[in-house]
Structure formats: C-alpha cells, structure tokens
Amino acid sequence: MKKKMQVVQTLLDTLPFIRKFAGQTIVIKYGGAAQTSPELKEKFAQDIVLMHLVGIKPVVVHGGGPKITQLLSDLGIKTEFVEGQRVTTKEAMRIVEMVLSGEVNKEIVSLLNDHGSKAIGISGKDAHFIQARAKDRSKWGYTGVIEEIHADVVQNLMNEDFIPVIAPIAASKDPGEPGFNINADLAASKVAVALKASKVVFLTDTPGVLDGEGNLIGTLGTEKINLLKNEGVISGGMVPKVDACLEAINGGVQKAHIIDGRIEHSILLEIFTSEGIGTQIVH
Ligand SMILES: Nc1ncnc2c1ncn2[C@@H]1O[C@H](COP(=O)(O)OP(=O)(O)O)[C@@H](O)[C@H]1O
Ligand SMILES: CC(=O)N[C@@H](CCC(=O)OP(=O)(O)O)C(=O)O
C-alpha cells in the first residue's frame, strides 16, 4: 500500500506535464554506475512503471560495466578500456554476456515486474534484434559496432504492452562467432533512433557533464563537446555518452539528456518538470 501511495503522490505532482508525452517512446539508458542501492533501484522501477501507466512507452537499455569489471577481477582476468570502451577478449566476452544478459538484465526485469509491469528482457541476439561487426578486432577484440537494428522486434513487444529491457550484446552475421560487446550508451542511442524515440535519457553517477572546474554544464553542443574532449575534460565513460547523445539527436531524436541517476526520481524530474536537471545535448 505504501509503495502504491508513493507512486500516486509522484503522479499527482507531475500530472501537468504528463499529457503531452502520452504515446511517445522514451529510451532510458540505465548505467551500471547508477545501479547502486536497493532504494535507488526501487525508485527507478517506480518511475519506469509510472511512465508506462500514463501512456508513455519506456524502453530500458542497461549497462553493467562495474559488475563486469568486478567479476573479471574475481576470476583473475585483466581488463582494460580504450577510449571509454572495454577491450573484449574471447574469454572476457563470455563473462560480459553472463553479467549483462544474465544477471543485470534479469534483475531489472524482476524489479519492474515486482512493481506490476510486464517487462521482458532481451539482448541483441534475440531474433537478431541487433547485429554488429568488430569495431577493430586487433585493438578491441569482440567489442562491436552496431550495423543493423531490427526495430520491429521491440516494436512488437511494445505494441503488446510489454516494457522492453535490452542488454547491449549484439549478434554477429558470421555463424559461430560469440557475438559482440556493445557499449551500452551507443546501444541506447541506436535503439532510440531505430524506434523513433522522442527522448533518450542517460542515468549515470554524475550530475551531468561537468566543466574543468567541476561545474555542471546545462546545455552542450557539438563544438564545445569536441573542445572538452580535446582538453581531456570529457574523458573515460563520458566519451561514449556524449557521442551517443549526438548520434541520437543527429538521427532524429528530439532530446538527449545526461542526468544523475543517484537522485531519487531523477527521470521524472527531467521529463515532467519545466526546469529539467543534468545536461541537455543539442546540435
Ligand atoms: N566531464 C565529465 N563530466 C562528468 N563525468 C565525467 C566527465 N569526464 C569523465 N567523466 C566520468 O564519466 C563517468 C560516467 O561514465 P561511466 O562510468 O561509464 O558511467 P555509466 O555506467 O553510467 O555508463 C563519471 O563517473 C566520471 O568519472
Ligand atoms: C564495449 C563496452 O565498453 N561495453 C560495456 C558494456 C556495458 C556498459 O556499457 O555498461 P555501463 O553503461 O555501466 O558503462 C562494458 O563492457 O563495460
């Protein structure tokens, strides 16, 4: 009962902004860095279910980088990142798939279903939803670049009222290949474009994109992004995130936001209030 009352209260607070989003597809990238306490996970689930209840079509694309790194380390397997993307050996690929398609995907699906929704978990391998090729085999191994997305697979699920929860693992066109590890930010932007989403929101563990002094940048365009990358102010995991935002808006998604997943109900604050939070990426 208490859980339900919380959802209703949040619903009432945000009601004035909701109507205009009904029927729209919104892709939420749930970063591993934001998947922290059970309380925050609970709030995340409430927000997604609430969006669905009011007629929005939410699609979750999740990461899980920290969990992959932890399991690789537990198993004594070294791992490294180049330009914000993991170098994926064949051995690492097995672990990446186990963690993303197995552990993380099913945890999020269960969380959403515990809140009364019909969430369904898939990876890019299911029905060949996402097909990829190697980014650069000699440099990144089984880290992939998406070549094709069969949007109808997910669209059909949404038409049947399911909430798709997508693990960023892609199928290979070559039979016998183990598939590809896709950076979840880049998977989210491609999925958002393919589904003609109106928004893509990246939940992470910083208030948004920060400048050299650590201040939040509210709005950020292509030129400034290139400058901040060259200066090393945007680095590591933030590189694929800003690239993904640009790809999304260049592909027709109206808005791309990077927001703090550590703030309770940050998705609702972003979507349903006029102020918004975090960083909005523009052309
Ligand atoms: N300019 C920047 N502003 C904010 N965060 C940045 C910046 N440059 C690099 N980062 C790093 O990017 C991280 C977020 O990326 P990542 O760890 O891959 O998160 P996620 O799991 O959400 O994809 C932040 O925790 C921060 O350490
Ligand atoms: C190629 C590549 O880097 N793949 C990522 C996939 C998971 C991910 O992106 O997770 P976060 O969103 O939590 O960072 C990785 O192996 O960590």
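**Entry 1: annotated positions**

I began with the UniProt record, an unreviewed entry, where the annotation "binding site" covers Gly-64, Gly-65, Arg-86 and Asn-181; such positions are given in the numbering used here, feature names are shortened, and annotations may be inferred rather than shown by experiment. These residues are spread over 118 residues of sequence, yet they cluster in space, with a largest C-alpha distance of 11.9 Å. I noted that this is a predicted model, in which local features need pLDDT of at least 70 and side-chain atom pairs count only at pLDDT 80 or more, while totals for chains, interfaces and linings use all residues. Residues are numbered from 1 along each chain as its sequence is written, and chains are lettered from A and ligands numbered from 1 in the order in which they are written.

I placed Gly-64 in the loop between β2 (57-62) and α3; helices (H or I, at least four residues) and strands (E, at least two) are DSSP runs, numbered from the N terminus.

**Entry 2: the two ligands**

Around ligand 2 I found 16 residues, of which Gly-32, Gly-63, Gly-65, Arg-86 and Ala-184 come nearest; a residue counts as near if its C-beta atom, placed from the backbone, lies within 6 Å of the molecule. The elements that give two or more residues to this shell are α3 (65-74) and β4 (85-86). By class, the shell around ligand 2 holds five nonpolar, ten polar and one charged residue, where Ala, Val, Leu, Ile, Met, Phe, Trp, Tyr, Cys and Pro count as nonpolar, Asp, Glu, Lys and Arg as charged, and the others, Gly among them, as polar.

For ligand 1 I counted 18 surrounding residues, the closest being Gly-31, Ala-33, Thr-204, Gly-237 and Met-238. Its shell divides into seven nonpolar, nine polar and two charged residues.

**Entry 3: the annotated domain and its strands**

UniProt (unreviewed entry) lists residues 25-260 as "domain: Aspartate/glutamate/uridylate kinase". Over that range I read 41% helix and 25% strand, with the end C-alpha atoms 21 Å apart.

I then followed the strand pairs, which need at least two DSSP bridges between two strands. Strand β10 (residues 199-204) runs parallel to strand β12 (residues 255-260) and is joined to it by six bridges, with Lys-199 opposite Lys-255 of β12. On β12 I also found an antiparallel pairing with strand β13 (residues 279-281) over three bridges, where Ile-258 has Thr-279 of β13 as its bridge partner.

Strand β6 (residues 130-134) pairs with strand β7 (residues 144-149) in the antiparallel sense over five bridges, and Arg-133 stands opposite Val-145 in β7. Two bridges join β6 to the parallel strand β8 (residues 163-172), with Gln-131 opposite Ala-171.

**Entry 4: a helix pair**

How do helix α7 (residues 184-194) and helix α9 (residues 238-250) pack, and at what angle? I found an angle of about 10 degrees and axes 8 Å apart, the axes being lines fitted to C-alpha atoms over the stretch in contact, with angles running from 0 to 180 degrees between N-to-C directions. That makes α7 roughly parallel to α9, as angles under 35 degrees are classed.

Notes. Parallel < 35°, antiparallel > 145°, perpendicular 65-115°, else oblique.
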